[in-house]
Amino acid sequence: MTSETPTESRHSADGITTVYTVTGMTCGHCEGAVTEEVSALDGVTSVKAEAASGQVTVVSTTALDDEAVRAAIDEAGYELTGRAA
């Protein structure tokens, strides 16, 4: 891991895993909307949105731009509040 990589991202053979905190998700439809928008970002290989915890786990081939993730979540109608600790 390089010093430029946020500590909230984990590198593995599957790619880089980053967990984001999102507000406003309350159901499966919400999870699907977030998953669809974030999945469309370049380099994203997997997205798991969980309304109950408010967390969105993203696996990507390269580090993602947080502002691009924020814009995708905003497009879905929800708010990215940051990376999960």
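Contact here means heavy atoms within 4.5 Å. By that rule, among contacts in the protein between residues at least 6 apart in sequence, 59% join residues at least 24 apart. The model is predicted, so local features need pLDDT of at least 70 and side-chain atom pairs count only at pLDDT 80 or more, while totals for chains, interfaces and linings use all residues. Residues are numbered from 1 along each chain as its sequence is written, and side-chain values use heavy atoms, with hydrogens and water left out.

**Whole chain**

Start with a cartoon view. The protein has 2 helices and 5 strands, and along the sequence they follow the pattern β-β-α-β-β-α-β. Helices (H or I, at least four residues) and strands (E, at least two) are DSSP runs, numbered from the N terminus. Buried means under 20% relative accessible area, exposed over 50%, and partly exposed in between (1.4 Å probe, protein chains only).

**The two helices**

Select residues 28-39 for helix α1 and residues 66-76 for helix α2. Two packed helices are described by the angle between their axes and the distance between the axes. Here α1 and α2 pack at an angle of about 140°, with their axes 8 Å apart. That makes α1 oblique to α2. Angles under 35 degrees count as roughly parallel, over 145 as roughly antiparallel, 65 to 115 as roughly perpendicular and the rest as oblique. Axes are lines fitted to C-alpha atoms, for helices over the stretch in contact, and angles run from 0 to 180 degrees between N-to-C directions.

α1 passes α2 in a right-handed crossing. A crossing is right-handed if the near helix is turned clockwise from the far one by less than a right angle, and left-handed if anticlockwise. Now show side chains: α1 makes the contact with Ala33, Val34, Glu37 and Val38, and α2 with Ala72, Ile73, Glu75 and Ala76. These residues divide into 6 nonpolar, no polar and 2 charged. Ala, Val, Leu, Ile, Met, Phe, Trp, Tyr, Cys and Pro count as nonpolar, Asp, Glu, Lys and Arg as charged, and the others, Gly among them, as polar.

**The core**

Select Met25, Val34, Val56, Ile73 and Tyr78, which touch the most other members of the largest nonpolar core, a set of 20 residues. β2 (15-23), α1, β3 (44-50), β4 (55-60) and α2 each give two or more residues to this core. A nonpolar core is a set of buried Ala, Val, Leu, Ile, Met, Phe, Trp, Tyr and Cys residues joined through side-chain atoms within 4.5 Å. Centre on Met25: leaving aside neighbours within four places in sequence, Met25 is in contact with residues including Cys30, Val34, Ala51, Val56 and Tyr78.

**The loop between β3 and β4**

Ala51 is in this loop and counts as buried, at 14% relative accessibility. Not counting residues up to four places away in sequence, Ala51 touches Met25, Thr26, Cys27 and Glu31. Ala52 has its place in the loop between β3 and β4 but is exposed, with a relative accessible area of 86%.

**Two strand positions**

Val44, in strand β3, is buried, with a relative accessible area of 14%. Its C-alpha atom is separated from that of Ser60 by 4.2 Å. Beyond neighbours within four places in sequence, Val44 is in contact with Val38, Ser39, Val58, Val59, Ser60 and Leu64.

Finish at Ile16 in strand β2, which is buried at 10% relative accessible area. The C-alpha atoms of Ile16 and Ala63 are separated by 6.6 Å.
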